[in-house]
Amino acid sequence: MTTTTELSGIQKAAILVVTLGADASSDLFKRLSDAEIEELTTEISRLGEVSSNVTKTVLEEFSSLANTRSYILRGGLNYVREVLKK
């Protein structure tokens, strides 16, 4: 794996789960369906070696998405429009 643009969403999720570690991952898995867990664990088993640059980019992308979701939940769509205009 060389760049995150070549990765699918499930591959990025697998990288994130591995990066989070066992404790955080187990909490996450409690919120997933059996089918999601199976898909994710299958992808984790296929990962192989992931470079630190790819891991960093996946974490940054996740952080950005989480922050965007937080803004939407706090201020709604109008708030997001205002931020984007500025």
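Reply: The following account takes the salt bridges in turn.

The model is predicted, and local features need pLDDT of at least 70, side-chain atom pairs count only at pLDDT 80 or more, while totals for chains, interfaces and linings use all residues. Residues are numbered from 1 along each chain as its sequence is written, and side-chain values use heavy atoms, with hydrogens and water left out.

The structure holds four salt bridges, a salt bridge being a side-chain nitrogen of Lys or Arg within 4 Å of a carboxyl oxygen of Asp or Glu. One of them joins Lys12 and Glu61, at 3.0 Å from N to O. This pair links distant parts of the chain: Lys12 lies in helix H1 (residues 9-20) and Glu61 in helix H4 (residues 52-85), 49 residues apart. Helices here are DSSP runs (H or I, at least four residues), numbered from the N terminus. Lys12 is buried, with a relative accessible area of 18%, whereas Glu61 is partly exposed at 32%. Buried means under 20% relative accessible area, exposed over 50%, and partly exposed in between (1.4 Å probe, protein chains only).

Another salt bridge pairs Arg46 with Glu43, whose closest N and O atoms are 3.7 Å apart. Both residues, Arg46 and Glu43, belong to helix H3 and are three residues apart, about one turn of the helix. Arg46 counts as exposed at 59% relative accessibility, but Glu43 counts as buried at 10%.

In helix H4, Lys56 and Glu60 are separated by about one helical turn because they are four residues apart. Their salt bridge has its closest N and O atoms 3.9 Å apart. Glu60 is partly exposed, with a relative accessible area of 44%.

Notes:
Helices (H or I, at least four residues) and strands (E, at least two) are DSSP runs, numbered from the N terminus.
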